[in-house]
Amino acid sequence: MKQVILTGDRPTGRLHVGHYAGSLRERVKLQNSGSFDEIYIMIADAQALTDNAEHPEKVRQNIMQVALDYLSCGIDPEKSTIFIQSMVPQLTELSFYYMNLVTVSRLQRNPTVKSEIQMRNFEASIPVGFFCYPISQAADITAFGATAVPAGEDQMPMIEQCREIVHKFNAVYGETLTEPQIILPENASCCRLPGIDGKAKMSKSLGNCIYLSDEPKEIERKVMSMFTDPNHIKVSDPGRVEGNPVFLYLDAFCEPEDFSQFLPEYSSLQELKEHYQRGGLGDIKVKRFLSQVLQSRLQPIYQRRKEWEQRLPEVYEMLYQGSMAARERAEQTLEAVRHAMKIDYFTQSSLLQ
Ligand code: TRP
């Protein structure tokens with residue numbers, strides 16, 4: 001069977017280090033592993049509109065930003081098809097058919113939907129489009145025959161719901177759709193990076209993100225202002241590393257070589273953590289180290305972004321070509337779907353049979 005990846009992001013802002021550690025870095029590895037026959041990376045503008053219906057301009061502006069973030073992280077348009085969701089109308093058609101296979105109560109039980117409804121204070125009045133987005137996400141995945149969806153842990157209920165839709169469809173209309181698997185990032189601590197203020201989630205509206213497009217100076221400033229263990233007041237105090245954002249970021253980004261280069265007094269992250277826990281290691285020193293580690297991971301990304309920013313017409317053309325290729329692939333699935341559902345009325349005189 002063909003190995004196919006589909007994944008994507010909502011273009012509601014520039015991408016940040018949380019996106020990078022939680023999924024972008026993994027995608028680039030998978031892309032370069034050579035184990036996949038086709039890779040689709042989707043800029044989910046239609047999904048972004050499900051909770052930004054009044055701000056289409058914001059979604060529009062962020063499409064190019066997200067495309068630049070992809071390219072600067074190492075997504076290679078020669079190997080991966082980058083496309084814009086709304087340019088593939090087949091996805092909407094497919095969602096419409098799937099809606100008949102899912103109950104309202106099943107959507108209400110979807111943990112991701114539940115928590116997002118809470119986050120957005122939608123409890124009293126949930127837009128129908130937002131409520132149905134797990135269905136449209138199942139359409140995104142199945143339209144490309146994806147076998148694998150690299151995504152963060154928070155997307156697990158989405159993939160589960162998608163698999164249920166695939167089962168149901170195949171049971172009702174005959175074996176047509178492919179069941180996807182989620183691919184989680186290797187290092188579990190990467191799945192969820194907190195904001196620099198220690199809040200559970202990095203989010204643009206909270207102003208607590210380090211963006212992939214941040215200037216090196218800006219990264220330094222943000223790291224130095226990071227929240228740490230509030231009870232670690234004097235250098236001599238014992239400190240906590242669990243849940244401490246500075247150490248969570250180090251878990252996600254630090255490589256063994258970073259010690260010999262930036263902090264030769266220590267030989268490993270474990271040793272650094274033990275010193276912090278014992279007491280006698282100040283926050284500033286750890287933050288300075290984190291800042292150097294982050295700079296060295298993000299610098300190549302920043303450089304590549306600067307280069308791509310000079311080539312916007314090429315990025316634009318790449319998105320158009322990618323969207324057309326995605327449309328063609330999705331149409332193949334739709335033809336099989338319409339045939340299975342016996343609604344392919346005008347193919348091979350089907351209404352006459
Ligand atoms: N829900 C994803 C996000 O919030 C975007 C997305 C839309 C997606 N459709 C998808 C991800 C299908 C993986 C597979 O960024």
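These questions and answers cover the cysteines and the ligand site of a predicted model.

Student: How many disulfides does a search of the whole structure find?
Tutor: A disulfide needs two cysteine sulfur atoms within 2.5 Å. Take Cys 132: the closest cysteine sulfur, in Cys 162, is 15 Å away, too far for a bond. Over the whole structure, the number of disulfides found is zero.

Student: Is Cys 254 buried or exposed?
Tutor: Buried means under 20% relative accessible area. Cys 254 has a relative accessible area of 16%, so Cys 254 is buried.

Student: What is the relative accessible area of Cys 132, and is that buried or exposed?
Tutor: The cut-off for buried is again under 20%. Cys 132 comes out at 13%, so this residue is buried.

Student: Which residue among the closest to the ligand is an aspartate, and how far is its polar side-chain atom from a ligand nitrogen?
Tutor: The ligand is surrounded by 13 residues, and the closest include Asp 140. A polar contact needs N or O atoms within 3.5 Å. The residue is Asp 140, and its polar side-chain atom lies from a ligand nitrogen atom at 2.8 Å.

Student: Which element gives the largest share of the shell around the ligand?
Tutor: The ligand takes up the space of the largest pocket. Two elements give two or more residues to the shell: α8 (133-143) and β1 (4-9). The largest share is four residues, and it comes from β1.

Terms used. Residues are numbered from 1 along each chain as its sequence is written. This is a predicted model: local features need pLDDT of at least 70, side-chain atom pairs count only at pLDDT 80 or more; totals for chains, interfaces and linings use all residues. Side-chain values use heavy atoms; hydrogens and water are left out. Buried means under 20% relative accessible area, exposed over 50%, partly exposed in between (1.4 Å probe, protein chains only). A residue is near a molecule or strand if one of its heavy atoms lies within 4 Å of it. A polar contact is a pair of N or O atoms within 3.5 Å; within protein, one must be able to donate a hydrogen and the other to accept it, and residues adjacent in sequence count only if both atoms are side-chain atoms. On a 1 Å grid over the protein atoms alone, a cavity is a set of points where a 1.4 Å probe fits but cannot get out, and a pocket is an open set with protein on both sides within 12 Å along at least five of seven lines; lining residues have an atom within 4 Å of a point. A molecule sits in a cavity or pocket if more than half of its atoms lie within 2 Å of its grid points.
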